[in-house]
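Subject: Two-chain model for your review

Dear colleague,

I am passing on the model we spoke about, and my notes follow below it. Please read them with the structure open beside you.

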Amino acid sequence: MVVGFALVAAWEIVTAAGVVAFRRPIYNALSLVANMLGLAVLFLMLNAQFLFAAQVIVYAGAVMVLFVFIIALMNPESDVTLPPRGNEWIYGGVFGVIFAALLVSLLFNRGLTGRPGTLTPEAIAAVGNVQTVGIALYTKFLFPVEVTSLLLLIAAVGAVYLAMRRIR
Amino acid sequence: MPVPAYTFLLLSGVLFTMGAVGFLVRRNPLVVFMCIELMLNAVNLAFVAISRYLNSLDGVVFAFLVITVAAAEVVVGIAIIVQVYRAGRPMDVDDLDLMKE
């Protein structure tokens, strides 16, 4: 378990570095696909099988197909021809170190507080993971789910409108 | 031996920081978008890890909603990027400052 986690964590960090650092957008996109698949494995290790499937289908599947499709349609070399500015990576690195130090100090100062709930892995396994998530989605979280469906509808209409319109 | 919760949260923080640095440094709008996806994924990992270690499903449901909203966000964002590309503007977020004035 620990060895598997270390392997997946290393994979996640390497592919995330690929997303940030590669010069050609298609390599960034493929690194992001690898990153999302590794994250799906982490969801599986955290006993969230439903989210594993959603991550693979929605993120690594649909969203990344959209990205790769757009990169293939547009000029894939456009980022390579951008003149480098030089010191942007230095500023970015300094920001990253400070930000990560803040996050880690916050984590170790506060710890994991909060009252544990009743849905232990055994209780979830007795009913089934997808069943328990589905019950939570359609009882306790019914209103957020409905609002999200409305948001998806608005996003679809907006995307079609933007695709039809000609701007200059 | 199970993995302690804070290692998942540490990994989530590292991934979020990398996404934030990429968001600030990169200039291709598509790559900036991918860095936003990286940050959203890192937050999802934190949600699911806390949900697992507090024996609750609220974090899983929240991560599911985040995935949905992120998919909608990508659709609209990419439509805007394609419009900018079709208008013949350079693919550099530093040059897209029409809304600044």
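Where in chain B is the place of B:N55? B:N55 sits in the loop between helix 2 (29–53) and helix 3 (58–86) of chain B, where helices (H or I, at least four residues) and strands (E, at least two) are DSSP runs, numbered from the N terminus.

Before the rest, a word on conventions. Residues are numbered from 1 along each chain as its sequence is written, and chains are lettered from A and ligands numbered from 1 in the order in which they are written. The model is a predicted one, in which local features need pLDDT of at least 70 and side-chain atom pairs count only at pLDDT 80 or more, while totals for chains, interfaces and linings use all residues; side-chain values use heavy atoms, with hydrogens and water left out.

Chain A on its own

The secondary structure of chain A consists of 7 helices and 0 strands, and from the N terminus on its elements run α-α-α-α-α-α-α. The radius of gyration of chain A is 21 Å, well over the 15 Å that the globule rule gives for 168 residues, so chain A is more spread out than a compact globule; here the radius is taken over C-alpha atoms, and the rule is 2.2 Å times the number of residues to the power 0.38. Along the principal axes, the C-alpha atoms of chain A fill a box of roughly 55 × 45 × 25 Å. Of the 168 residues of chain A, 34% count as buried, a class that means under 20% relative accessible area, with exposed over 50% and partly exposed in between (1.4 Å probe, protein chains only).

The interface

The contact between the chains (heavy atoms within 4.5 Å) takes 85 residues from chain A and 73 residues from chain B. Together the two chains bury about 6,900 Å², 79% of it on carbon and sulfur atoms, buried area being the accessible area (1.4 Å probe) that two parts lose on being put together, summed over both.

The salt bridge

A search of the whole structure finds 1 salt bridge over all chains, the term meaning a side-chain nitrogen of Lys or Arg within 4 Å of a carboxyl oxygen of Asp or Glu. B:D58 forms this salt bridge with A:K140, the closest N and O atoms being 2.9 Å apart. B:D58 lies in helix 3 of chain B and A:K140 in the loop between helix 6 and helix 7 of chain A, so the pair joins two chains. As for accessibility, B:D58 is partly exposed at 31%, whereas A:K140 is exposed, with a relative accessible area of 57%.

Two asparagines with positive phi

To return to the opening question, B:N55 has a phi near 55°, a positive value in a residue other than glycine, and B:N55 is buried, with a relative accessible area of 16%. In chain A, A:N47 has a phi near 65°, also positive in a residue other than glycine; A:N47 is found in the loop between helix 2 and helix 3 of chain A and is partly exposed, with a relative accessible area of 23%.

With kind regards
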